[in-house]
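Subject: Handing over the structure

Hello,

I am passing this structure on to you, with some notes on what turned up in it. Please have a look at it first and then read on.

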Amino acid sequence: MSVSENGVALSQWLAEAWATPVEIRTLHIEGARLNCRLWAHGGFDDSDLPPLLFVHGYRASAQWWDHIAPHFLDRYKVAAFDLSGMGDSDHRPDYSRELHAREVIGA
């Protein structure tokens, strides 16, 4: 069994992260529906903690952060979203780095 630096079994660390409730919302940015995942103790909108936004890489999705995002909840309310054309978000006829940057800012 793999063990992390603090002695917690890696399988336990993953199980705890994956057991953390996640709220799914839809963002509407520049005419596209973007899937968003939110984690926060006591509810995302009710938390006074600062936000932390995870953005995935090319051809990935917001779910790539499910095993990491919950481990930041002691300091942040955490969100991750699917860029357009990826994950559960809408597809567009054209994409650019500038468009994806505007989606990050909009999120």
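This is a predicted model: local features need pLDDT of at least 70, side-chain atom pairs count only at pLDDT 80 or more; totals for chains, interfaces and linings use all residues.

R59 is located in the loop between β3 and β4. Its phi is near 65 degrees, which is a positive value in a residue other than glycine.

Now the overall picture. The protein chain contains two helices and four strands, and going from the N terminus the elements follow the order α-β-β-β-β-α. Taken along the principal axes, the C-alpha atoms fill a box of roughly 50 × 30 × 20 Å. Of the chain's 107 residues, 35% count as buried. If you take the contacts between residues at least 6 apart in sequence, 60% of them join residues at least 24 apart.

On to the sheet. The four strands make up an open sheet with mixed pairing, and their order is β1-β2-β4-β3. At the edges are β1 (23-29) and β3 (51-55), each of which pairs on one side only. From one strand to the next, the twist averages 30 degrees.

The pairing of β1 with β2 can be followed residue by residue in places. β2 covers residues 32-39, runs antiparallel to β1 and is joined to it by seven bridges. R25 has C36 in β2 as its bridge partner, and H28 stands opposite R33 in β2.

What sits between these two strands? Their hairpin has two residues between the strands, and there E30 takes a positive phi near 50 degrees. Like R59, whose positive phi came up above, E30 is a residue other than glycine. E30 belongs to the loop between β1 and β2. With a relative accessibility of 45%, E30 counts as partly exposed, because that class runs between 20% and 50%.

Next, the helix that goes with the sheet. Helix α2 (residues 97-106) lies across β1, β2, β3 and β4 (77-81), and it runs at about 125 degrees to β1. I105 and G31 are 74 residues apart in sequence, and their C-alpha atoms are 15 Å apart in space.

Finally, the pockets. Rolling a probe the size of a water molecule over the atoms shows where empty space is left. The largest pocket holds about 160 Å³ of space. Which residues lie nearest its centre? They are C36, L38, F44, A79 and A107, out of 13 residues that line the largest pocket. The elements that give two or more residues to this lining are β1, β2, β3 and β4. By class, the lining has ten nonpolar and three charged residues, and no polar ones.

Happy looking, and do write back with any questions.

Best wishes

Conventions
Residues are numbered from 1 along each chain as its sequence is written. Side-chain values use heavy atoms; hydrogens and water are left out. Two strands pair if DSSP finds at least two bridges between them. Axes are lines fitted to C-alpha atoms, for helices over the stretch in contact, and angles run from 0 to 180 degrees between N-to-C directions. Contact means heavy atoms within 4.5 Å. On a 1 Å grid over the protein atoms alone, a cavity is a set of points where a 1.4 Å probe fits but cannot get out, and a pocket is an open set with protein on both sides within 12 Å along at least five of seven lines; lining residues have an atom within 4 Å of a point. Grid points are joined across faces, edges and corners, and a volume is the space filled by probe spheres set on the points. Ala, Val, Leu, Ile, Met, Phe, Trp, Tyr, Cys and Pro count as nonpolar, Asp, Glu, Lys and Arg as charged, and the others, Gly among them, as polar. Buried means under 20% relative accessible area, exposed over 50%, partly exposed in between (1.4 Å probe, protein chains only).
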